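Please look over the sequence and the model shown here.

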Amino acid sequence: MPLRTHEISGGGSGIGRAVCQRFASEGALVVVADLNEEAANETLRSLSRDHKVQEHMAAVVDVSSKQSVERLVESIQRRYFQPASVCVNAAGITQDDFLLRLEEAAFDRVVGVNLKGTFLVVQAVAAAMVASGVSKGSIVTVGSIVGKVGNIGQVNYSASKAGVEGITRTAAKELSRYRIRCNCVLPGFISTPMTDKVPERVIHKMTSLVPLGRMGEPDEVADVCSFLASDDSRYITGASIEVTGGLFMG
Ligand code: NAD
């Protein structure tokens, strides 16, 4: 059986990098796609070193650009003669400010990457899967617990992440007839370069609210992505799975 191709947008850092490493360790062909070329190449090097597989690839993509996402999908098809059968879109940004101060451009940028980017990636990847008759496709989007509960200073980010769940559920309904599943992971407070920017006192306060008493690690989110990509989750679609250590449960 040919190896399955897994595409991870935002694979150059944090959660996306951990997902790439997890999939590579399971024997998949991994496409590390990121806006940051050097970061994508660094992830690629880590896969080759750790798992001795030379056939993964790195690619530059801007998920907020339709043209760029389509180029990525074409390059995967050219390289592997098949589209990705698993896709995780972990690309995301924050640009925080209070509602009363947030500039329109900062709203547009965050929505452009997190929400429109999810739409563009899901649409292009699903179209390629449908066109080539991939069976058992699995698309995983990355939302956030703050899309459900809101967060001070993140009106743009929380709106974008609530929208990611809407895209995921609708895609799940529309794509199930092609045997493509679509699910969302909702990380809570995970230790990555994104949260490195958060002031120490906020980290301390947030961590004190987590029932499991600590921040999460990127590989703990990757474990859930791996489950959603695999046949073990074959009867799950349109679901949002919280990976929060219990933060804001219920
Ligand atoms: P990160 O900053 O470590 O990684 C994000 C990656 O996305 C970077 O490599 C960046 O270059 C890439 N990226 C940014 N804009 C892009 C674009 N336009 N096109 C392609 N790639 C782009 O962040 P992370 O913490 O690993 O976050 C990964 C995902 O998880 C994001 O969607 C984030 O919103 C979500 N998330 C993170 C946390 C957390 O606590 N870290 C919590 C909830 C949700």
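**The ligand and its surroundings**

Helix α7 contributes 3 residues to the shell around the ligand, the largest share. Helices here are DSSP runs of H or I with at least four residues, strands are runs of E with at least two, and both are numbered from the N terminus. The model is a predicted one, in which local features need pLDDT of at least 70 and side-chain atom pairs count only at pLDDT 80 or more, while totals for chains, interfaces and linings use all residues. Residues are numbered from 1 along each chain as its sequence is written, and side-chain values use heavy atoms, with hydrogens and water left out.

The ligand has 29 residues around it, and those that come nearest are Ser13, Ile15, Asp34, Tyr157 and Thr192. A residue is near a molecule if one of its heavy atoms lies within 4 Å of it. By residue type, the shell divides into 15 nonpolar, 11 polar and 3 charged. In this division, Ala, Val, Leu, Ile, Met, Phe, Trp, Tyr, Cys and Pro count as nonpolar, Asp, Glu, Lys and Arg as charged, and the others, Gly among them, as polar.

Gly188 places a backbone N or O atom 3.4 Å from a ligand oxygen atom. In Lys161, a polar side-chain atom lies 2.8 Å from an oxygen atom of the ligand. Such a polar contact is a pair of N or O atoms within 3.5 Å. The ligand taken alone exposes 830 Å², and the protein buries 92% of that; these areas come from the Shrake-Rupley method with a 1.4 Å probe. Two or more residues of the shell come from each of the elements α1 (14-25), α6 (155-175) and α7 (193-196).

Ile15, one of the residues that come nearest to the ligand, has its place in helix α1. Its relative accessibility is 14%, and Ile15 therefore counts as buried; buried means under 20% relative accessible area, exposed over 50%, and partly exposed in between, with a 1.4 Å probe and protein chains only. Although Ile15 and Met194 are 179 residues apart along the chain, their C-alpha atoms are separated by 9.8 Å.

**The cysteines**

The structure holds 0 disulfides, a disulfide being a pair of cysteine sulfur atoms within 2.5 Å. Cys87 is in none, and the nearest cysteine sulfur, in Cys182, is 8.6 Å away. For Cys182, the closest cysteine sulfur is that of Cys184 at 8.4 Å, too far for a bond. Cys87 is buried, with a relative accessible area of 0%, and Cys182 is buried, also with 0%.

**A helix with two sides**

In helix α8 (residues 200-209), the buried residues are Ile203, Met206 and Thr207. They lie on the same side of α8 because they cover an arc of only 100° around the axis, taken from the directions from the helix axis to the C-beta atoms. On the other side of α8, Arg201, His204, Lys205 and Ser208 are exposed.

**Two loop residues with positive phi**

Most residues other than glycine have a negative phi. Phe81 has a positive phi, near 60°, and is found in the loop between α3 (66-80) and β4 (86-89). Phe81 is exposed, with a relative accessible area of 71%. Lys136 also has a positive phi, of about 65°, and lies in the loop between α4 (104-132) and β5 (137-142). At a relative accessible area of 43%, Lys136 is partly exposed.

Key: Polar contact = N/O pair within 3.5 Å; in protein donor to acceptor, adjacent residues only side chain to side chain.
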